[in-house]
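Biologist: Could you take me through some helices and strands of this chain, with your criteria stated as we go?

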Amino acid sequence: YAIELERGVEDYAVCDAMVRFAEEHGIRIRGHNVLWDDPRYQPEWVKTLPAAELTAAAHRRMNSVMNRYSGKLFHWDVMNENLHFGFFESQLGANASAVFFERAHKTDPKTVPYLNEYNTIEVSGIGKASPPKYMQKIALMREQGYNGPLGIGLEAHFPGMNLPYIRAAIDQLASAKLPIWITELDVKSGPNQAMYLEQIMKELHSHWAVEGIMMWAAWNPTGCYAMCLTDNNFKNLPTGDVVDEFISELTHAAGSPGTTNGNGLFGTSLFHGEYEATVSLPNGDKHSCSQNFSVVPNEGAEKTIIFKIDV
């Protein structure tokens with residue numbers, strides 16, 4: 001609805017500028033989204049198309065946006081919120097999602113296509129996008145013929161905090177053995193917003209199946225969707241402080257210095273990720289060595305790195 005408000009007239013000026021900005025600053029980009037299954041967010045001209053013309057219009061949209069940004073993105077949300085809504089299914093048949101995912105994969109085979117839903121990990125209960133329903137949707141798309149790559153997108157718009165449920169929900173989804181991303185993280189405004197955000201981020205990051213977290217906190221002078229990180233002067237709000245501190249912890253920005261014990265051993269706790277360890281003698285840099293290593297999920301409780309310095 002933002003790109004082709006009028007049929008046949010596409011305007012990519014804003015999108016192109018955003019992509020250029022991201023590339024210039026080394027920011028990775030998710031594609032959100034190719035199609036949206038919510039009937040409220042279709043351009044008016046789309047809502048009245050007969051099935052054949054709707055199919056053709058959807059295919060033109062996919063070809064246009066996906067070919068334009070092919071190779072520049074690392075994910076595509078192909079059919080947004082297709083558990084809560086079913087505009088295309090109602091017009092084109094129950095297998096519409098599977099058909100569009102198949103076409104998306106063929107159009108841009110190097111970019112992972114994602115499902116994207118809300119209220120899967122945010123609130124408990126058997127809602128339209130609960131973990132069991134999400135798993136059923138994945139199974140249904142496979143039955144309908146889509147067997148290509150697929151990712152699980154969890155919007156994560158939290159009205160409150162229920163950490164045990166978050167972990168249990170992701171545990172269920174992890175059994176699908178598909179990549180999981182938190183795609184639109186925010187926490188409802190309130191006196192506990194910053195505290196909830198901190199606890200939720202730590203819970204999400206600590207789950208071995210979660211590969212990435214994306215915030216949904218774009219600044220706007222009239223306010224953000226649910227959560228801002230700064231005020232209108234770009235000074236951190238408490239939520240911004242939480243995010244900055246969390247990133248600092250993730251990157252070990254202050255380093256993790258220490259001294260070995262009498263047996264030459266030094267231990268520390270690390271998040272999943274890539275690291276460089278440097279060992280030097282007390283007399284300075286004359287005798288030192290470095291080694292790169294990874295800490296990955298499901299590796300076990302401990303990892304030992306052995307250094308040998310010849311003096």
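Modeller: This is a predicted model, in which local features need pLDDT of at least 70, side-chain atom pairs count only at pLDDT 80 or more, and totals for chains, interfaces and linings use all residues. Residues are numbered from 1 along each chain as its sequence is written, and side-chain values use heavy atoms, with hydrogens and water left out.

Biologist: Within what arc do the buried residues of α9 fall, seen down its axis?

Modeller: Buried means under 20% relative accessible area, exposed over 50%, and partly exposed in between (1.4 Å probe, protein chains only); in α9, T239, G240, V242, V243 and F246 are buried. These buried residues line one face of the helix, because their directions, taken from the helix axis to the C-beta atoms, fall within an arc of 155°.

Biologist: Which residue of β4 is the bridge partner of N116?

Modeller: Strand β3 (residues 112-117) and β4 pair in the parallel sense over 4 bridges, where pairing requires that DSSP finds at least two bridges between two strands. Both faces of β4 (residues 151-154) are covered, with I152 and L154 buried on one side and G151 and G153 on the other. The partner of N116 is G153.

Terms used
Helix = DSSP H or I, 4+ residues; strand = E, 2+ residues; numbered from the N terminus.
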